[in-house]
Amino acid sequence: MMKIVAVIAFLLLLTTPLRAGATIVGAGSQSCSAWTNRTKNAIVKGAFESWVMGFVSGLNVSGDREIVGGGDYTAIVAWMDQRCRSRPTDQIGIAALDLAMELAGNAAKR
């Protein structure tokens with residue numbers, strides 16, 4: 001149980017620096033509106049989706065508990081689609097961090 005709390009606390013601590021201006025590099029630095037428009041170009045689509053999968057996978061590997069629940073690619077993309085439609089000015093990286101926090105919360109309930 002303590003490991004779960006530690007992972008969630010770690011993810012929550014990450015939120016503050018990112019929202020306060022820490023640098024997000026790569027596709028994650030783009031806006032959610034760019035995510036929403038990614039389907040217009042197969043290369044951009046692949047880059048954005050790969051960046052999110054790598055980001056979430058990296059957090060998953062760095063934690064003490066499995067947060068991605070088997071890695072449902074389609075569900076992760078659908079979550080990002082919905083999130084980015086609702087907040088198009090956010091960075092993809094911020095949305096991906098919110099996704100990871102939700103996944104960690106769900107993992108803690110399992």
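1. A salt bridge is a side-chain nitrogen of Lys or Arg within 4 Å of a carboxyl oxygen of Asp or Glu. One of them joins the side chains of R38 and D81, at 3.0 Å from N to O. This pair links distant parts of the chain: R38 sits in the loop between α2 (32–36) and α3, and D81 in helix α4 (residues 73–86), 43 residues apart.

2. A word on where this comes from: the model is predicted, so local features need pLDDT of at least 70, and side-chain atom pairs count only at pLDDT 80 or more, while totals for chains, interfaces and linings use all residues. Residues are numbered from 1 along each chain as its sequence is written, and side-chain values use heavy atoms, leaving out hydrogens and water.

3. R38 is buried (under 20% relative accessible area, with exposed being over 50% and partly exposed in between, using a 1.4 Å probe and protein chains only). Its relative accessible area is 5%. R38 also belongs to a network of salt bridges with K45, E49 and D81.

4. Which residue does R83 pair with in a salt bridge? R83 pairs with D98, the closest N and O atoms being 2.5 Å apart. R83 lies in helix α4 and D98 in helix α5 (residues 92–109), so the pair ties together parts 15 residues apart in sequence. Both R83 and D98 are buried.

Methods: Helix = DSSP H or I, 4+ residues; strand = E, 2+ residues; numbered from the N terminus.
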